Structures are given as structure tokens and as C-alpha cells.
Amino acid sequence: MLGSNIFTGPPDVSIELSPGCIFCSIAEGRTPCYKIYEDNDYLAFLDIHPFVMGHSLVIPRKHYDALPDMEETAVGELFTVAARVSSRVTRGMSADGFRLIQNNGEAAAQVVKHVHIHIVPMKLEDKDRRFGRLSPTDKEFREVADAIIRHS
Ligand SMILES: [Zn+2]
């Protein structure tokens with residue numbers, strides 16, 4: 001069911017030139033993404049420049065610049081969704097564990113100023129490896145999203 005909601009094609013990178021918020025645009029369905037989870041208030045999709053295959057982002061649909069701007073109940077909900085999606089990502093990628101990364105502010109290398117949590121599935125053999133950013137193909141993104149959605 002969620003699989004049918006995955007948008008076709010890679011995200012429109014030209015949107016990065018827009019003064020608007022890219023994650024708000026994704027949440028509103030104006031910018032495509034490889035969606036792996038959604039409910040009324042939260043959305044998860046594959047990071048377009050992943051550290052590893054399956055690297056995903058969880059966002060609230062409502063815009064907050066960073067975690068301290070959120071109501072405490074929303075913080076709790078965001079992390080609850082992140083935990084739920086992390087299990088699916090871990091199983092879908094046959095990983096052994098996962099990292100949650102949550103950056104706030106320029107000093108913390110927060111690139112998109114819309115609060116988000118990174119989910120990075122980890123395999124035992126990679127635990128000491130340093131990661132660069134990957135550039136998967138559309139087909140690879142779709143296969144990863146399908147594998148994660150199958151574990152929903
Ligand atoms: Zn936003």
C-alpha cells in the first residue's frame with residue numbers, strides 16, 4: 001500500500017534553488033521522495049545522499065527549525081516514529097543495528113533547517129568504517145524502499 005505512494009523518479013534538484021524549505025515541500029508532496037513511512041503528522045523517506053544504503057530521514061510534517069523549537073509531546077512522537085521506522089529499516093536492510101543522528105544548528109552541520117532524524121542502518125563488519133556519501137541510482141533507491149516497506 002505504501003509502495004504505491006513512492007513517487008517516480010529522483011527528486012527535482014532544481015527545488016534547492018527555491019527559498020522555500022525542501023522538507024516542507026516533500027511533506028506537502030510537491031517534491032518527490034522515496035517514501036518509506038507516513039502518518040498524519042510524520043513522514044520518513046530515503047536520504048538522497050546516503051552514508052549507507054537504507055539511510056533514511058524522519059521529519060514532522062509541521063515545520064520546526066530544530067529540536068528545541070518543538071513541543072515536548074511532538075519530540076516524543078518524533079522519536080517514537082523514528083524508533084518504529086528504525087526497526088523496519090534495520091530488518092529491511094538486513095542490518096545488525098542502527099544509528100540515530102539528530103543535528104541542530106550550523107555548528108552541528110544541520111544542512112536542512114527543518115528538524116529531522118537520520119536513521120543509519122549498520123552492519124557489524126562496517127562498525128569501524130568511515131562513510132562517504134553514496135549516489136545510488138533510481139532503481140537502487142526503489143529496491144531499498146521496497147525492502148523497507150515490506151518489513152512494515
Ligand atoms: Zn520545513
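1. Helices (H or I, at least four residues) and strands (E, at least two) are taken here as DSSP runs, numbered from the N terminus. On that basis the protein has three helices and five strands, arranged along the sequence as α-β-β-β-α-β-β-α.

2. The model is predicted: local features need pLDDT of at least 70 and side-chain atom pairs count only at pLDDT 80 or more, while totals for chains, interfaces and linings use all residues. Residues are numbered from 1 along each chain as its sequence is written.

3. Confidence is expressed as pLDDT, the predictor's own score for each residue, from 0 to 100. The protein averages 88, and 88% of the residues score at least 70. Residues 1-18, however, stay under 50. Where pLDDT is low, the predicted coordinates should not be read in detail.

4. A residue is called buried if 20 or more other C-beta atoms lie within 10 Å of its own, exposed if 12 or fewer, and partly exposed in between, with C-beta atoms placed from the backbone. Buried residues make up 32% of the 152 residues in the protein.

5. A nonpolar core is a set of buried Ala, Val, Leu, Ile, Met, Phe, Trp, Tyr and Cys residues joined through C-beta atoms within 7 Å. The largest such core has 33 residues, and I36, F45, V58 and V85 have the most contacts inside it. Elements that each supply at least two residues of this core include β1, β2, β3 (56-60), α2 and α3.

6. Strand β2 is largely enclosed by the rest of the structure, because five of its five residues are buried. Y42, A44 and L46 cover one side, and L43 and F45 the other. Two strands are said to pair if DSSP finds at least two bridges between them. β2 runs antiparallel to β1, joined by three bridges, and the two form a hairpin with three residues between them. K35 stands opposite F45. β2 also pairs with β3 in the antiparallel sense, over five bridges; there the bridge partner of L46 is S56.

7. Helix α3 covers residues 138-150. Its buried residues are F141, V144, A145, I148 and I149. The buried residues of α3 pack against β1 (35-38), β2 (42-46) and α2 (72-92).

Notes: The expected span of a helix is 1.5 Å times one less than its number of residues. Two residues are in contact if their C-beta atoms, placed from the backbone, lie within 7 Å.
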